[in-house]
Amino acid sequence: MQIMGILNVTPDSFSDGGQWDTVSAAIAHGQEMIDAGATIIDIGGESTRPGADMLDAETEWARIEPVVAELSPLVTVSVDTYHAQTARRAVAAGAHIVNDVTGGNGDPEMFATVAALDCDYILQHGRGNAQTMNSMADYRGDVARVVRDELLTSRDAAIAAGIAEERIILDPGLGFAKVGDQDWNVLAGVCEFLDLGHRVLIGQSRKRFLSGTVAEGTPVTARDTATAVISGILSETDVWAVRVHNVPATMSAIAVHAKLHQASVARTGEEELQHAATRTVSERGWDAARGGA
């Protein structure tokens with residue numbers, strides 16, 4: 001499973017706004033995440049937290065241009081944007097993936113633009129925009145299946161617009177038009193998305209639904225442990241990547257799960273060998289009792 005490190009070149013992102021909003025700070029933090037094990041860096045210039053103000057493409061590109069150009073030769077770069085113009089510029093500057101949190105609904109030119117660019121495209125589920133998404137978290141039936149069906153509708157539209165099927169990566173959009181236990185339902189139903197035949201990205205990092213796992217009033221960074229635990233669990237599935245703020249914590253959680261899995265496999269193998277040996281002795285004894293060879 002790949003680790004996508006989040007690099008918010010913004011003043012107002014929900015957990016780290018303003019920390020990396022200078023070019024030098026952003027590039028340095030990107031390098032830190034690469035050194036920690038991130039295989040993808042997702043660079044964004046606009047906060048998409050509920051209630052955030054929308055940003056024009058020119059301002060967004062001015063924030064991220066030098067960061068995309070500097071990091072693209074070092075690592076796979078994903079650009080977090082719903083603006084087709086930003087997507088074009090970012091890929092021209094070296095970005096490899098367009099990460100569209102609106103699933104094509106934020107800009108009518110996005111699908112055609114990505115098709116022409118022939119790059120990987122993260123198609124995320126969501127409803128409405130930053131101002132309206134919470135009011136649209138009304139689902140009938142199993143949330144994971146409803147999200148899956150809505151993602152498939154967007155997926156079909158993307159393919160019809162010319163995006164190659166193998167270029168599409170699906171993201172169920174935790175925290176986007178989902179409230180309360182709805183995000184947990186989607187996580188529990190991750191197989192609904194894995195069964196669709198596309199790569200799947202999960203972005204659980206520091207999201208609001210994790211607030212119940214920490215003491216009330218603690219900063220959002222306190223959710224890093226829960227984020228890492230989910231990453232570790234997902235590493236046992238066919239999820240393609242997790243999108244996280246704290247790369248070292250996620251790497252540690254994945255390493256713990258890997259070691260435990262290795263120990264479990266080894267122990268199971270030893271038990272099977274012991275069981276086989278015992279059966280062989282018993283069978284020989286039974287054969288002797290019957291007068292056999």
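**Figure 1. Side-chain directions in strand S6 of the predicted model.** Ile168 and Leu170 point one way from S6, while Ile169 and Asp171 point the other way. These four residues are all buried. In a regular strand, side chains alternate between the two faces of the sheet.

**Figure 2. Pairing of strands S5 and S6.** Strand S5 covers residues 120–124 and strand S6 covers residues 168–171. The two pair in the parallel sense, over four bridges. Tyr121 stands opposite Ile168 in S6, and Ile122 stands opposite Ile169 in S6. Strands of a sheet pair through backbone hydrogen bonds, in either a parallel or an antiparallel arrangement.

**Figure 3. Strand pairs S6–S7 and S7–S8.** S6 and S7 run parallel and are joined by two bridges. Leu170 has Val200 in S7 as its bridge partner. S7 in turn pairs with S8 over two bridges, also in the parallel sense. Here the bridge partner of Ile202 is Val242 in S8.

**Figure 4. The closed barrel of eight strands.** The strand order is S1-S2-S3-S4-S5-S6-S7-S8, with parallel pairing. From one strand to the next, the twist averages 25°. Helix H2 (residues 57–71) packs on the sheet. H2 touches strand S1 (2–8), strand S2 (40–44) and strand S3 (76–80), and the direction of H2 makes about 160° with that of S2. The protein chain as a whole has nine helices and eight strands. Of its 293 residues, 47% are buried. Among contacts between residues at least 6 apart in sequence, 66% join residues at least 24 apart.

**Figure 5. Contact of helices H1 and H2.** The axes of helix H1 (residues 23–36) and H2 come within 9 Å and cross at roughly 35°. The crossing of H1 past H2 is right-handed. On the H1 side, the contact is made by Val23, Ala26, Ile27 and Gly30; on the H2 side, by Pro66, Val67, Glu70 and Leu71. Six residues of the contact are nonpolar, one is polar and one is charged. The angle between the axes and the distance between them are what describe two packed helices.

**Figure 6. Salt bridge between Arg243 and Asp80.** The side chains of Arg243 and Asp80 meet at 3.3 Å, N to O. Arg243 and Asp80 are both buried. The count for the model comes to 13 salt bridges.

**Figure 7. Salt bridge between Arg199 and Asp120, and the network around it.** The closest N and O atoms of Arg199 and Asp120 are 3.0 Å apart. Arg199 belongs to strand S7 (residues 199–202) and Asp120 to strand S5, and the pair links distant parts of the chain, 79 residues apart. Are these two side chains' residues buried or partly exposed? Arg199 has a relative accessible area of 25%, so it counts as partly exposed, whereas Asp120, at 13% relative accessibility, counts as buried. The cut-off for buried is under 20% relative accessible area. Arg199 and Asp120 also belong to a network of salt bridges that links them with Asp118 and Arg167.

**Figure 8. Salt bridge between Glu150 and Arg127.** The closest N and O atoms of Glu150 and Arg127 are 2.5 Å apart. Glu150 lies in helix H5 (residues 143–160) and Arg127 in the loop between S5 and H5, so the pair ties together parts that are 23 residues apart in sequence. Glu150 is partly exposed because its relative accessible area is 26%. Arg127 counts as buried because its relative accessibility is 16%.

Terms used. Residues are numbered from 1 along each chain as its sequence is written. This is a predicted model: local features need pLDDT of at least 70, side-chain atom pairs count only at pLDDT 80 or more; totals for chains, interfaces and linings use all residues. Side-chain values use heavy atoms; hydrogens and water are left out. Two strands pair if DSSP finds at least two bridges between them. Axes are lines fitted to C-alpha atoms, for helices over the stretch in contact, and angles run from 0 to 180 degrees between N-to-C directions. Contact means heavy atoms within 4.5 Å. A salt bridge is a side-chain nitrogen of Lys or Arg within 4 Å of a carboxyl oxygen of Asp or Glu. Buried means under 20% relative accessible area, exposed over 50%, partly exposed in between (1.4 Å probe, protein chains only). A crossing is left-handed if the near helix is turned anticlockwise from the far one by less than a right angle, and right-handed if clockwise. Ala, Val, Leu, Ile, Met, Phe, Trp, Tyr, Cys and Pro count as nonpolar, Asp, Glu, Lys and Arg as charged, and the others, Gly among them, as polar.
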